[in-house]
Amino acid sequence: MGCTASDVVAAIKAVADVVAEHKVELTQLDRAIGDADHGENLNRGFTAVLAALDGATPETPSAVLKTVATTLISKVGGAAGPLYGTAFLRAATATAKSDELDAAAVVAALTAALEGVVARGKAEPGDKTMVDALEPAVRASSAAADDGGDVAAVLRAAADAAASGAEATIPLVARKGRASYLGERSAGHLDPGARSSSLLLRALADVAAR
Amino acid sequence: MKKIINDPSTVVAESLRGFALAHADLVTVQEDPAVVYRADAPVPGKVALISGGGSGHEPMHGGYVGRGMLSAACPGAVFTSPTPDQMQDAITKTDGGAGVLLIVKNYTGDVLNFETAAELAAAEDVEVRSVVVDDDVAVKDSLYTAGRRGVGGTVLLEKIVGAAAERGDDLAACEALANRVIANVRSMGLALTACTVPHVGEPSFDLAEDEIEVGIGIHGEPGRQKMKIAPADELVDRLLDPILEDLPFTAGDRVLLFTNSMGGTPPIELYLAHGIAERKLADAGITVERRFVGPYITSLEMQGMSFTLLKLDDEMVGLWDAPVHTPALRWGV
């Protein structure tokens with residue numbers, strides 16, 4: 001059984017709740033090696049996403065993802081707005097033809113999202129960015145689908161891999177984004193973008209498991 | 001946190017409201033999406049200059065909107081880049097048919113959002129070019145960083161290119177001049193205290209009573225190095241030496257020296273530092289032809305300062321001296 005538009009809306013609402021819960025944590029992580037606004041900005045963006053979804057009833061999963069994308073791009077600012085916005089926009093494009101998303105479609109959406117983030121931000125694995133969570137997540141989700149996993153299994157694999165990937169950013173020296181200005185002093189801190197990517201995927205996996 | 005605010009989430013909007021009332025003769029302030037326009041925009045046949053960035057650096061950029069400088073400024077949340085919808089609105093309302101130059105400071109967020117806006121504007125058939133300012137010598141420009149940050153040089157660029165646009169230079173000429181300024185300007189700053197972002201509520205980095213942070217940016221981000229506070233003579237060296245070595249500036253050069261307060265450093269200390277810097281530059285055989293001293297690109301209430309040095313040519317001197325009439329800068333009118 002695949003995910004319908006209303007399933008995707010429910011998942012996005014869960015993501016918004018998780019972002020709100022972790023707002024202070026994300027801002028604190030950003031305070032250490034960035035400019036202390038990541039939690040605040042994402043929360044502002046997803047609050048606007050909730051408002052946009054309240055006023056509209058997108059008919060396909062792709063339309064829901066596109067609403068999320070355009071809202072994040074116009075409301076978040078900073079680097080997170082264009083990066084997450086592009087991720088959701090590419091995911092919307094990748095799923096444009098589907099009324100329901102099966103495991104393969106979810107993998108295609110995650111793959112497209114990662115490609116979008118890399119194209120916009122030009123970060124590579126190991127640069128201490130959200131790519132360090134998303135790249136292993138995409139690989140794990142693809143492997144789970146190849147093993148015959150359903151949507152829940154695919155998202156669980158993605159969330160687990162993203163969590164490990166985010167943790168693995170702690171010893172890294174940042175080479176992209178504001179943390180890169182710190183040079184060696186950026187080592188020893190969890191990257192806030194990798195952490196938020198991991199939280200987003202965990203929220204999606206938790207919804208799919210229900 | 002002690003600040004004259006009501007609610008951290010309305011600081012920018014409430015401040016813009018006061019700014020609009022204080023300068024209604026020069027600018028029009030739109031609340032949503034937030035944009036500060038020149039009161040007479042669009043000016044037909046003139047290249048429009050648009051900048052923007054996080055709030056908290058006032059008077060940059062809104063204070064530089066007006067005749068002889070910017071056509072519009074897009075203020076983001078505190079220390080957060082503005083969004084493409086603000087920039088698109090600014091582009092549409094200031095384009096006088098001669099094209100638009102976007103002045104972007106080199107931060108990941110600013111660059112990404114301005115890139116997105118430029119793509120959207122190109123789809124609307126407005127001719128848009130962008131220049132990226134990256135004058136902070138504290139950051140190594142390498143494959144291993146996001147590149148140098150745009151800091152004090154941005155203000156000088158906005159004044160000089162603003163004057164060129166006002167006299168009728170076309171878009172290509174304005175872009176080339178902007179890149180010439182970028183190629184010849186270098187900056188570095190230090191902080192005696194961190195600043196407190198309203199929605200964070202605590203200082204943006206930790207400094208002991210006798211410590212300073214050298215090589216800071218303008219967003220309360222920590223610098224590259226902490227050191228013990230030292231006499232002003234030594235602090236000035238700490239900032240000027242890396243600037244001079246970088247370009248490099250050498251004997252015989254003519255320069256504009258911009259001595260900037262990060263917001264909390266009072267004029268008495270700023271002039272003291274400026275005087276030392278002028279003496280050191282004279283000793284190095286460098287001629288200070290123009291000076292600019294004050295809080296012009298700030299980090300909220302941070303105590304600290306930065307120097308910006310611009311290598312001048314005759315055209316830049318003329319454009320620097322040209323009339324300007326904005327909320328924060330006014331001469332020749």
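This is a predicted model: local features need pLDDT of at least 70, side-chain atom pairs count only at pLDDT 80 or more; totals for chains, interfaces and linings use all residues.
1. Glu211(B) has Lys228(B) as its bridge partner in S9(B). The strands involved are S8 (residues 211–214) and S9(B), which run antiparallel and are joined by four bridges.

2. Zooming out, that pairing belongs to an open sheet of six strands in chain B, ordered S9-S8-S7-S12-S10-S11, with mixed pairing. Strand S9 (225–228) and strand S11 (287–294) of chain B sit at the edges with a single partner strand each, so each has one side without a neighbour in the sheet. Going from one strand to the next, the twist averages 20°.

3. Now the domains. Chain B splits into domain 1, covering 12–183, and domain 2, covering 185–311. Taken over C-alpha atoms, the centres of these two domains of chain B are 23 Å apart. Their contact uses 21 residues from domain 1 of chain B and 28 residues from domain 2 of chain B.

4. Which helices of chain B each supply at least two residues of the domain 1 side that touches domain 2? They are helix H4 (153–166) and helix H5 (171–183). H4(B) gives the most to that side, with four residues. By class, the side of domain 1 of chain B that touches domain 2 of chain B comprises 11 nonpolar, six polar and four charged residues.

5. On to the packing. The largest nonpolar core has 170 residues, and the members touching the most others are Phe88(A), Ala158(A), Ile50(B) and Ala72(B). Helix H6 (residues 103–121) of chain A provides the largest share of this core, 11 residues. Domain 1 (12–183) and domain 2 (185–311) of chain B each put at least three residues into this core.

6. Phe88(A) deserves a look of its own. Leaving out residues up to four places away in sequence, Phe88(A) touches Leu65(A), Val68(A), Ala69(A), Leu72(A) and Ala113(A).

7. One last item to check in the viewer: there is a second, separate core of seven residues. Its members include Val11(B), Ala77(B), Phe79(B) and Val197(B).

Notes. Residues are numbered from 1 along each chain as its sequence is written. Chains are lettered from A and ligands numbered from 1 in the order in which they are written. Domain bounds come from an automatic or database domain assignment. Two residues are in contact if their C-beta atoms, placed from the backbone, lie within 7 Å. Ala, Val, Leu, Ile, Met, Phe, Trp, Tyr, Cys and Pro count as nonpolar, Asp, Glu, Lys and Arg as charged, and the others, Gly among them, as polar. Two strands pair if DSSP finds at least two bridges between them. Axes are lines fitted to C-alpha atoms, for helices over the stretch in contact, and angles run from 0 to 180 degrees between N-to-C directions. A nonpolar core is a set of buried Ala, Val, Leu, Ile, Met, Phe, Trp, Tyr and Cys residues joined through C-beta atoms within 7 Å. A residue is buried if 20 or more other C-beta atoms lie within 10 Å of its own, exposed if 12 or fewer, and partly exposed in between; C-beta atoms are placed from the backbone.
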